[in-house]
Amino acid sequence: MELEKIEMASLIPQRPPFMMVDKILSCDDTDAVTEFLVRQDNILLDGSKLSSAGIVENMAQSCAARMGCVNLLHNRPIKLGFIGEIKNLKIYRQPLQDERLTTEVHILMDVFDMTLASVCTKVGEEVIAEGRMKLASTNIEAEG
(Lines give C-alpha, C1' and ligand atoms only; values in the text may rest on other atoms or scores of the structure.)
Protein backbone atom coordinates (compact mmCIF):
# COMPACT_ATOMS: atom_id res chain seq x y z
CA MET A 1 0.00 0.00 0.00
CA GLU A 2 1.31 3.41 -0.95
CA LEU A 3 0.77 5.50 2.19
CA GLU A 4 1.40 8.83 0.46
CA LYS A 5 -1.68 8.25 -1.70
CA ILE A 6 -4.04 7.72 1.24
CA GLU A 7 -6.37 10.65 1.86
CA MET A 8 -6.39 11.53 5.57
CA ALA A 9 -10.16 12.05 5.40
CA SER A 10 -10.49 8.32 4.72
CA LEU A 11 -8.61 7.44 7.94
CA ILE A 12 -9.93 9.93 10.51
CA PRO A 13 -13.39 11.39 11.15
CA GLN A 14 -12.23 15.00 11.56
CA ARG A 15 -12.71 17.45 8.72
CA PRO A 16 -11.28 20.90 7.98
CA PRO A 17 -10.76 23.17 9.74
CA PHE A 18 -10.18 20.62 12.52
CA MET A 19 -7.80 18.20 10.77
CA MET A 20 -4.47 18.12 12.60
CA VAL A 21 -2.69 15.46 10.48
CA ASP A 22 -1.63 16.00 6.87
CA LYS A 23 -0.24 12.58 6.01
CA ILE A 24 0.84 9.24 7.36
CA LEU A 25 4.50 8.49 6.72
CA SER A 26 4.65 4.93 8.03
CA CYS A 27 2.26 2.45 9.57
CA ASP A 28 2.16 -1.14 10.75
CA ASP A 29 0.43 -3.12 13.50
CA THR A 30 2.46 -1.50 16.30
CA ASP A 31 3.83 1.82 15.03
CA ALA A 32 2.94 4.81 12.92
CA VAL A 33 4.42 8.19 12.06
CA THR A 34 2.39 11.18 10.89
CA GLU A 35 3.23 14.66 9.68
CA PHE A 36 1.46 17.98 10.17
CA LEU A 37 2.36 21.51 9.14
CA VAL A 38 1.17 24.22 11.56
CA ARG A 39 -0.54 26.71 9.25
CA GLN A 40 -1.52 30.32 9.84
CA ASP A 41 -5.22 29.51 9.50
CA ASN A 42 -5.20 26.68 12.06
CA ILE A 43 -8.26 26.85 14.30
CA LEU A 44 -6.17 25.99 17.40
CA LEU A 45 -3.43 28.54 16.81
CA ASP A 46 -2.71 30.67 19.87
CA GLY A 47 -1.08 33.78 18.43
CA SER A 48 1.77 32.35 16.33
CA LYS A 49 1.93 29.04 18.27
CA LEU A 50 -0.15 25.87 18.21
CA SER A 51 -2.06 25.69 21.49
CA SER A 52 -1.67 22.79 23.92
CA ALA A 53 -5.12 21.60 22.82
CA GLY A 54 -3.84 21.56 19.22
CA ILE A 55 -0.83 19.45 20.21
CA VAL A 56 -3.08 16.95 22.02
CA GLU A 57 -5.47 16.89 19.07
CA ASN A 58 -2.57 16.16 16.70
CA MET A 59 -1.49 13.29 18.96
CA ALA A 60 -5.04 11.87 19.13
CA GLN A 61 -5.58 12.20 15.38
CA SER A 62 -2.22 10.50 14.78
CA CYS A 63 -3.47 7.55 16.87
CA ALA A 64 -6.71 7.54 14.87
CA ALA A 65 -4.80 7.65 11.57
CA ARG A 66 -2.75 4.65 12.68
CA MET A 67 -5.90 2.74 13.64
CA GLY A 68 -7.51 3.58 10.30
CA CYS A 69 -4.39 2.61 8.36
CA VAL A 70 -4.12 -0.74 10.18
CA ASN A 71 -7.76 -1.45 9.35
CA LEU A 72 -7.03 -0.67 5.68
CA LEU A 73 -3.96 -2.94 5.73
CA HIS A 74 -6.11 -5.80 7.03
CA ASN A 75 -9.09 -5.04 4.73
CA ARG A 76 -11.34 -4.15 7.65
CA PRO A 77 -13.77 -1.22 7.80
CA ILE A 78 -12.53 1.94 9.48
CA LYS A 79 -14.31 2.46 12.79
CA LEU A 80 -14.68 5.40 15.12
CA GLY A 81 -12.64 5.58 18.29
CA PHE A 82 -12.43 7.77 21.36
CA ILE A 83 -9.77 8.91 23.81
CA GLY A 84 -10.39 7.16 27.11
CA GLU A 85 -7.49 8.64 29.04
CA ILE A 86 -4.36 10.74 28.64
CA LYS A 87 -1.52 10.11 31.11
CA ASN A 88 1.94 11.48 31.73
CA LEU A 89 1.44 14.24 29.16
CA LYS A 90 4.39 16.58 28.94
CA ILE A 91 4.38 19.55 26.60
CA TYR A 92 7.84 21.05 26.47
CA ARG A 93 6.99 23.85 24.06
CA GLN A 94 4.32 24.96 21.64
CA PRO A 95 5.28 24.66 17.97
CA LEU A 96 5.36 27.81 15.92
CA GLN A 97 3.37 28.57 12.80
CA ASP A 98 5.05 26.97 9.75
CA GLU A 99 6.82 24.32 11.84
CA ARG A 100 6.31 20.71 10.74
CA LEU A 101 5.33 18.21 13.41
CA THR A 102 6.25 14.55 13.21
CA THR A 103 4.21 12.43 15.59
CA GLU A 104 5.27 8.89 16.45
CA VAL A 105 2.71 6.42 17.79
CA HIS A 106 3.87 3.19 19.41
CA ILE A 107 1.32 0.65 20.63
CA LEU A 108 2.13 -0.68 24.08
CA MET A 109 -0.94 -2.87 24.47
CA ASP A 110 -3.95 -3.78 22.34
CA VAL A 111 -6.64 -5.78 24.14
CA PHE A 112 -10.18 -6.24 22.80
CA ASP A 113 -11.37 -2.73 21.90
CA MET A 114 -8.82 -0.88 24.07
CA THR A 115 -5.41 0.34 22.93
CA LEU A 116 -2.64 1.90 25.01
CA ALA A 117 -0.26 4.03 22.96
CA SER A 118 2.91 5.96 23.67
CA VAL A 119 2.90 9.15 21.59
CA CYS A 120 5.80 11.51 20.91
CA THR A 121 5.62 14.72 18.87
CA LYS A 122 8.75 16.31 17.44
CA VAL A 123 9.84 19.31 15.42
CA GLY A 124 12.88 18.00 13.60
CA GLU A 125 14.74 15.98 16.24
CA GLU A 126 13.41 18.07 19.15
CA VAL A 127 10.76 16.37 21.28
CA ILE A 128 8.09 18.97 22.01
CA ALA A 129 5.45 16.71 23.61
CA GLU A 130 5.00 13.15 24.80
CA GLY A 131 2.58 11.05 26.75
CA ARG A 132 0.33 8.00 26.78
CA MET A 133 -3.16 7.69 25.39
CA LYS A 134 -5.73 5.02 26.10
CA LEU A 135 -8.06 4.66 23.15
CA ALA A 136 -11.35 2.84 22.77
CA SER A 137 -12.61 1.67 19.39
CA THR A 138 -16.29 1.25 18.64
CA ASN A 139 -18.29 -0.85 16.24
CA ILE A 140 -19.46 2.32 14.47
CA GLU A 141 -18.08 2.51 10.94
CA ALA A 142 -16.64 5.88 9.95
CA GLU A 143 -18.25 7.68 7.07
CA GLY A 144 -15.88 8.28 4.17
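Which residue is the bridge partner of E104 in β7? In this predicted model, the answer is C120.

Stepping back, β6 and β7 are part of an open sheet of 6 strands. Reading across it, the order is β1-β2-β6-β7-β8-β5, and the pairing is antiparallel. The edges are taken by β1 (23-27) and β5 (79-91); each has just a single partner strand, so one side of each is left without a neighbour in the sheet. From one strand to the next, the twist averages 25°. As for what holds such an arrangement together, strands of a sheet pair through backbone hydrogen bonds, in either a parallel or an antiparallel way.

Next comes the helix. Helix α1, made of residues 52-73, packs on the sheet and touches β1, β2 (31-37), β5, β6, β7 and β8 (126-141). Its direction makes about 50° with that of β8.

What about the inside? The largest nonpolar core holds 36 residues, and the members that touch the most others are L11, I24 and M133. At least two residues of this core come from each of β1, β2, α1, β6, β7 and β8. The biggest giver is α1, with 9 residues.

Most residues other than glycine have a negative phi, and most peptide bonds are trans. Against that background, the peptide bond from P16 to P17 is cis, with omega near 10°. P17 sits in the segment before β1.

N88 is exposed, its relative accessible area being 55%. The other is D98, where phi is about 75°. D98 lies in the loop between β5 and β6, and D98 is exposed as well, with a relative accessible area of 56%.

Technical notes. Residues are numbered from 1 along each chain as its sequence is written. This is a predicted model: local features need pLDDT of at least 70, side-chain atom pairs count only at pLDDT 80 or more; totals for chains, interfaces and linings use all residues. Side-chain values use heavy atoms; hydrogens and water are left out. Two strands pair if DSSP finds at least two bridges between them. Helices (H or I, at least four residues) and strands (E, at least two) are DSSP runs, numbered from the N terminus. Axes are lines fitted to C-alpha atoms, for helices over the stretch in contact, and angles run from 0 to 180 degrees between N-to-C directions. Contact means heavy atoms within 4.5 Å. A nonpolar core is a set of buried Ala, Val, Leu, Ile, Met, Phe, Trp, Tyr and Cys residues joined through side-chain atoms within 4.5 Å. Buried means under 20% relative accessible area, exposed over 50%, partly exposed in between (1.4 Å probe, protein chains only).
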